[in-house]
Amino acid sequence: MLIERGGKGQWTADEVHAYKKDIYRLLAHLGLINSEKVSENKSQQEITKVFYPEANID
């Protein structure tokens, strides 16, 4: 699982809160915590192709 938010190594309090909600949703999905206390993320997106460009360094 890859979750990315923020930029340049900096995060807002809202982004940290969103990360925590995502982790709780994952734990509930895996049956590790009670899912009744976790809200559903209706705006979730699944990314099926990822490209990581690399720079040539000599």
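Tutor: In this predicted model, a salt bridge is a side-chain nitrogen of Lys or Arg within 4 Å of a carboxyl oxygen of Asp or Glu.

Student: By this rule, what does the count of salt bridges come to?

Tutor: Side chains of opposite charge can pair when their charged atoms come close. Here the side chains of D22 and R25 meet, with 2.9 Å from N to O. The cut-off is 4 Å, and the count by this rule is 1 salt bridge.

Student: How many residues apart in helix α1 are D22 and R25?

Tutor: An α-helix has 3.6 residues a turn, so residues three or four places apart point the same way. D22 and R25 both belong to helix α1, residues 13-29, and about one helical turn separates them. Their spacing in the helix is 3 residues.

Student: Are D22 and R25 buried or exposed?

Tutor: Buried means under 20% relative accessible area. Of the 58 residues of the chain, 5% count as buried. D22 and R25 are each classed as buried.

Student: Which residues of α1 are buried, and where do they fall around the helix?

Tutor: The buried residues of α1 are D22, R25 and A28. Seen down the axis of α1, these residues fall within an arc of 125°, so they line one face of the helix.

Student: How far does α1 reach from its first C-alpha to its last?

Tutor: The chain has 1 helix and 0 strands. With 17 residues at 1.5 Å a residue, the span expected for α1 is 24 Å. The model comes close to that, and the reach of α1 is 24 Å.

Student: Which residue with a positive phi follows α1?

Tutor: The helix α1 covers residues 13-29. After α1 comes a residue with phi near 80°, and that residue is G31.

Student: Which residues form the nonpolar patch on the surface?

Tutor: Exposed means over 50% relative accessible area. L2 has 55% and is exposed, and I47 counts as exposed at 63%. Together with two other residues they give a patch of about 460 Å² of accessible area, and its members are L2, I47, V50 and Y52.

Student: What distance separates the C-alpha atoms of I47 and L2?

Tutor: L2 is placed in the segment before α1, whereas I47 lies in the segment after α1. Along the chain they are 45 residues apart, and their C-alpha atoms are separated by 9.5 Å.

Student: With which residues is W11 in contact, leaving aside its neighbours within four places in sequence?

Tutor: W11 is in the segment before α1. Its relative accessible area is 54%, so W11 is exposed. With those neighbours left aside, the contacts of W11 are R5, G6, V16 and Y19.

Student: What share of the accessible surface of the chain belongs to carbon and sulfur atoms?

Tutor: The accessible surface of the chain comes to about 5,900 Å². The share belonging to carbon and sulfur atoms is 51%.

Key
Residues numbered from 1 in each chain as written. Predicted model: local features only at pLDDT ≥ 70, side-chain atom pairs only at ≥ 80, totals over all residues. Heavy atoms only, no water. Helix = DSSP H or I, 4+ residues; strand = E, 2+ residues; numbered from the N terminus. Buried < 20%, exposed > 50% of the residue type's maximum accessible area, 1.4 Å probe, protein only. Areas by Shrake-Rupley, 256 points an atom, 1.4 Å probe, with all protein chains shown as cover. Patch = residues over 30% accessible without salt bridge, like charges linked within 9 Å, V, L, I, M, F, W, Y side chains within 5 Å. Expected span 1.5 Å × (residues − 1). Arc of directions from axis to C-beta. Contact = heavy atoms within 4.5 Å.
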